[in-house]
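Welcome, and take a moment to settle in with the picture below. We will walk through it one stop at a time.

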Amino acid sequence: MSIFMFVIAVMTIVGIYAMMALCYNLTNGQTGIVDFGVIGWVAIGAYTYAIITSPDPSTVAGAVNLYGFHLPMWIGLIAAMITAAFGAFCIGLPTLRLRGEYLAIGAYALSMVITSFITNEAWLTNGSRGFFGMPAPLRDRFTSVSAYAIFFLLLIWAFVLGSYFLFRRIEKSPYGRILRSIRENEEVSISIGKNVWKYRMTAYVLAAAILGLVGVLYAWYASVLVPEMFTDIVTFTVVICVILGGTGNFKGSLLGATVMIGAQELTRFFQANADMAATLAATRIIAIGILLVLIIRFKRRGILPEKNIKM
Amino acid sequence: MALLEIKNVSKHFGRLKAVSGANMEIIKGKTTGLIGPNGAGKTTLFNVVAGFLPATEGEVRYNGENITNLPAYRLARKGIVRTFQTPHGFPELTLMENLMAAPKNQEGETLWKSVLMNPAVKRQEKENKERALHYLEEIGMIDRRNEKVGNLNAGEARMVELVRQLMLDPDLLLLDEPAAGVNPAHQETLIEMLNNLKKKGITLLVIDHNLGFITTLSDKIYVMHQGQVVLEGLPKEVISNQKVKEIYLGGKK
Ligand SMILES: Nc1ncnc2c1ncn2[C@@H]1O[C@H](COP(=O)(O)OP(=O)(O)OP(=O)(O)O)[C@@H](O)[C@H]1O
Ligand SMILES: [Mg+2]
């Protein structure tokens, strides 16, 4: 693989992480919700999309799942967003009224349940074999692999930037101001007549819907869906991207994902032999740990700290 | 006419009867003082009236409507606005953002309208901004409008808290020790502002330990002691009352 193509591939996966980081930054950075269930909404989106768009499984050799509706991609995409949003609504109902830790634990537990569900409920998800050979959008319009890779990169980043500008708009709006006031002090927010629960819920559901969309992008990118793709490691990587870039700063999330995922993927260069790979994997985790300690010690508010809106 | 009626309200924390059987009538457009030694239950009574704590028993009526145990945010929207004994605000947000968060029924308060940012939202933002600037001018902090509230000292934070709550256009304002920690220059501003509020017909219920401050401000004073309302009367009567003197001298730790 040429360096150029490698960089294209890295920037694509950076985009996917950047979008998850933006979502986490809306719920955590702006609203103060601690949601360790990020990957759960991505998984729900990805599998919903797969079930809606895949061909009837009885036509696929070895498939044990029962449903595949073979509907157009855009229907799958919308369904993915709605399902993830609905999931977030349901988990938010009991937990968003409580203090932060309950949601953090509740959402984390839910994402674990989802991972185990997609592994075990093969009638719906085809279990550990999952979905494969999933088409990416407009693939047939391109003859060259590299031309499509560039197109796909642009497509992903169009979604990333779309989310970025949406969130920036929210940040500057009266609604965003109230989200931050809730983050800063719940009791005082109540004293100014704000229904705290409603604000948390809308922000949480919006983030989940967009995470559901990330699930679709992930399915396009990977062309397969297997349970191993949806582990809590993704959630914690996203959390680190946000802390690194600057909690509360959306530009920081784009930067954090670029630095974090860029560094992670570029070190794969050295994974030439199997011995090196194992060492490198361990080193990488240690490096991430050291990086986190350094940020917390020297740059607590991240590379790009949150900026106040001046008036 | 009584704007607020507190009828036999109690609030117990386990075995501690922080408020027991309190009765009060807060007259519309008047300023009512609430005094009493530390731990008398004044703040607790505020918390119950403003919906921040459920009443153990009793009833609170506002404009004749039973509002006991309604959620606090709804009471704030109905016009019952309170300040806190320890002002916090939103520390990481600027003075302007603190004030601009407060107005009720903001056009851009909902997610969808905020995303659309239609002209109505922008117009209202502009109005609210002007009001906020006006208030900051009044308390002499307009130059600090883009500073974080977390940087203010306690007295300054208290003044900002007051004007933030005024952004809600309250009908009944519950002030918990509004003058505590406020420097003398600001105290004058504060008294002037409270007098203006009175002129505008806003009903005030004020807790304070400074008897001079509270007697000049109030039309009527209630005295609480050990959870009970022990006395009510005109300011003159109350401060010269023998029982009040005893409570204050004997009640101080
Ligand atoms: N949330 C709570 N849980 C348990 N006890 C409480 C709580 N809030 C207040 N108390 C107790 O209730 C009693 C009344 O407290 P409160 O704060 O209402 O007094 P106060 O009259 O406002 O006093 P101060 O003048 O010191 O502000 C005190 O003994 C206090 O310790
Ligand atoms: Mg008190």
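Let us begin with Thr12(A), which sits in helix α1 of chain A, the helix that covers residues 3-30. Keep in mind along the way that this is a predicted model. Is Thr12(A) buried or exposed? Thr12(A) has a relative accessible area of 3%, and because buried means under 20%, Thr12(A) counts as buried. What does Thr12(A) touch, once its neighbours within four places in sequence are set aside? Its contacts are Phe152(A), Leu153(A), Ile156(A) and Tyr221(A).

Staying in chain A, move on to helix α6, made of residues 145-172, where you will find Lys172(A). With a relative accessible area of 48%, Lys172(A) is partly exposed. Lys172(A) also belongs to a positive surface patch, together with Arg169(A), Lys251(A), Lys307(A) and Lys122(B). The patch therefore holds residues that carry the chain letter A as well as one, Lys122(B), that carries the letter B.

Side chains of opposite charge can pair when their charged atoms come close. Over all chains, the count comes to 19 salt bridges. In chain A, a network of salt bridges links Arg183(A), Glu184(A) and Glu306(A).

Asp169(B) is partly exposed, at 46% relative accessibility. Which residue does its side chain meet in a salt bridge? The partner is Arg131(B), with a distance of 3.2 Å from N to O. Arg131(B) lies in helix α5 (residues 119-138) while Asp169(B) lies in the loop between α6 and β7, so this pair ties together parts of chain B that are 38 residues apart in sequence. Arg131(B), at 25% relative accessibility, is partly exposed.

Asp169(B) has another feature to look at, in its backbone. Most residues other than glycine have a negative phi. The phi of Asp169(B), however, is positive, near 55 degrees. Gln226(B) also has a positive phi, near 50 degrees, and is likewise a residue other than glycine. Where is Gln226(B) found? Look in the loop between β9 (220-225) and β10 (228-233) of chain B. Gln226(B) counts as exposed, at 59% relative accessibility.

Lys220(B) forms a salt bridge with Glu232(B), and their closest N and O atoms are 3.2 Å apart. Lys220(B) belongs to strand β9 and Glu232(B) to strand β10, so the pair ties together parts of chain B that are 12 residues apart in sequence. Lys220(B) is partly exposed, at 21% relative accessibility, and Glu232(B) is partly exposed as well, with a relative accessible area of 46%.

Our last stop is the salt bridge in which the side chains of Lys78(B) and Glu65(B) meet, at 3.3 Å from N to O. Lys78(B) is in helix α2 (residues 72-78) and Glu65(B) in strand β5 (residues 65-66), a link between distant parts of the chain, 13 residues apart. Lys78(B) has a relative accessible area of 29% and is partly exposed, and Glu65(B), at 35%, is partly exposed too.

Conventions
Residues are numbered from 1 along each chain as its sequence is written. Chains are lettered from A and ligands numbered from 1 in the order in which they are written. This is a predicted model: local features need pLDDT of at least 70, side-chain atom pairs count only at pLDDT 80 or more; totals for chains, interfaces and linings use all residues. Side-chain values use heavy atoms; hydrogens and water are left out. Patches are made of residues with over 30% relative accessible area and no salt bridge: like charges are joined within 9 Å, nonpolar side chains (Val, Leu, Ile, Met, Phe, Trp, Tyr) within 5 Å. Accessible areas come from the Shrake-Rupley method with a 1.4 Å probe; for residues, only the protein chains shown count as cover. A salt bridge is a side-chain nitrogen of Lys or Arg within 4 Å of a carboxyl oxygen of Asp or Glu. The place of a charge is taken as NZ of Lys, CZ of Arg, CG of Asp or CD of Glu. Helices (H or I, at least four residues) and strands (E, at least two) are DSSP runs, numbered from the N terminus. Buried means under 20% relative accessible area, exposed over 50%, partly exposed in between (1.4 Å probe, protein chains only). Contact means heavy atoms within 4.5 Å.
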